[in-house]
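Trainee: I would like to learn how to read the features of a model, one at a time. Could you take me through them slowly?

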Amino acid sequence: MLTMTAETSGKILCVRLTGELDHYYSEQVKEFVESEMEANQTQHLIWNLEQLSFMDSSGLGVVLGRYRQVNEMGGSVTVCGLNTQVKRLFQLSGLFKIMYFEKTEQDALRRLEGSSCKMS
Amino acid sequence: MQNVMNLSFNALGENEAFARVAVASFAAKLNPTMDDLAELKTAVSEAVTNAIIHGYDSNPAGIVYITASIDDGEIDVVVRDEGKGIHNIDQAKEPLFTTKPEMERAGMGFTIMEHFTDLLEIESSTSSGTVVRFKKRLADKRVRCV
Ligand SMILES: Nc1ncnc2c1ncn2[C@@H]1O[C@H](COP(=O)(O)OP(=O)(O)OP(=O)(O)O)[C@@H](O)[C@H]1O
Ligand SMILES: [Mg+2]
């Protein structure tokens, strides 16, 4: 089972996933996040994976796919709340090198909102 | 004594969770650590997903076969399909290699299986399909370390 919710704060979209993300749910996550990003004109994307108990390479594909979209528009992707298993998947695939990682959603928001204040 | 379990199911995405949970429950009697169990589930999920989306090109009529056996603290898992087979196994095992980039595949399945198991073997032919086999030691780890 997988459930997902999203919350926006300005140009920041935070997606929270609960449960298990595999091939069966990956298309749903892609469609959900894409429509939220379009509706909110998202610039920066935060994945809160605190409640994600399982993920496989299908999840890496979805995260990487959204990274490409956000990156093209000059935005950033932050991932937070990784458990041991999920963290190893990100390490193996080299995603730690291209995305931001934070312990909590608050940490991620603080950094993003801090930098957007400086810009304006 | 060896203890063997067999499963077969249609190539449907909704069966992936069932398959990895079934193998993990079967392995539970070895009293594995949470991390080892998570790694085992991930390896099963990768092999089953590959059988479904690559072997059978997501045709649900295809059947995925799993045999798991436990012997001497180790689990041996075989995931088999009778699908289209792998042309070049060495290339398929390379990190980031995928033949389905349009499906947003990361090309990381075999790399993850290699890292999360103790031994990975792949046999494939374009006439009979693909057999992925891996072993993972689950019991006695703490004892063996000291
Ligand atoms: N059971 C199979 N039958 C046919 N081809 C396969 C099978 N398993 C793997 N392959 C081939 O090997 C390639 C690499 O597999 P791997 O699991 O590493 O990556 P992927 O499935 O393409 O992407 P990811 O696993 O990251 O979602 C696949 O793209 C596919 O061409
Ligand atoms: Mg794969």
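Trainee: Which side chain has an N or O atom 2.9 Å from a nitrogen atom of ligand 1?

Mentor: A polar contact is a pair of N or O atoms within 3.5 Å; within protein, one must be able to donate a hydrogen and the other to accept it, and residues adjacent in sequence count only if both atoms are side-chain atoms. Here the side chain belongs to D81(B). Before we go on, note that this is a predicted model, in which local features need pLDDT of at least 70 and side-chain atom pairs count only at pLDDT 80 or more, while totals for chains, interfaces and linings use all residues. Residues are numbered from 1 along each chain as its sequence is written, chains are lettered from A and ligands numbered from 1 in the order in which they are written, and side-chain values use heavy atoms, with hydrogens and water left out.

Trainee: Which polar side-chain atoms lie 2.6 Å and 2.7 Å from an oxygen atom of ligand 1?

Mentor: The 2.6 Å distance is that of H54(B), and the 2.7 Å distance is that of R105(B).

Trainee: Why is the site of ligand 1 described as shared between chains?

Mentor: A residue is near a molecule if one of its heavy atoms lies within 4 Å of it. Residues from both chain A and chain B surround ligand 1, and therefore the site is shared. There are 20 residues around the ligand, and those that come nearest are H54(B), T98(B), T99(B), R105(B) and M108(B).

Trainee: What volume does the largest pocket have?

Mentor: On a 1 Å grid over the protein atoms alone, a pocket is an open set of points where a 1.4 Å probe fits, with protein on both sides within 12 Å along at least five of seven lines, and its lining residues have an atom within 4 Å of a point. The volume of the largest pocket is about 580 Å³. Its lining has 31 residues, and H54(B), I86(B), A92(B), T99(B) and F110(B) are the closest to its centre.

Trainee: Is T130(B) buried or exposed?

Mentor: Buried means under 20% relative accessible area, exposed over 50%, and partly exposed in between (1.4 Å probe, protein chains only). T130(B) has a relative accessible area of 8%, so this residue is buried. Its side chain makes a polar contact of 2.8 Å with that of S124(B). Contact means heavy atoms within 4.5 Å, and, leaving aside neighbours within four places in sequence, T130(B) has contacts that include D81(B) and I86(B).

Terms used:
Grid points are joined across faces, edges and corners, and a volume is the space filled by probe spheres set on the points.
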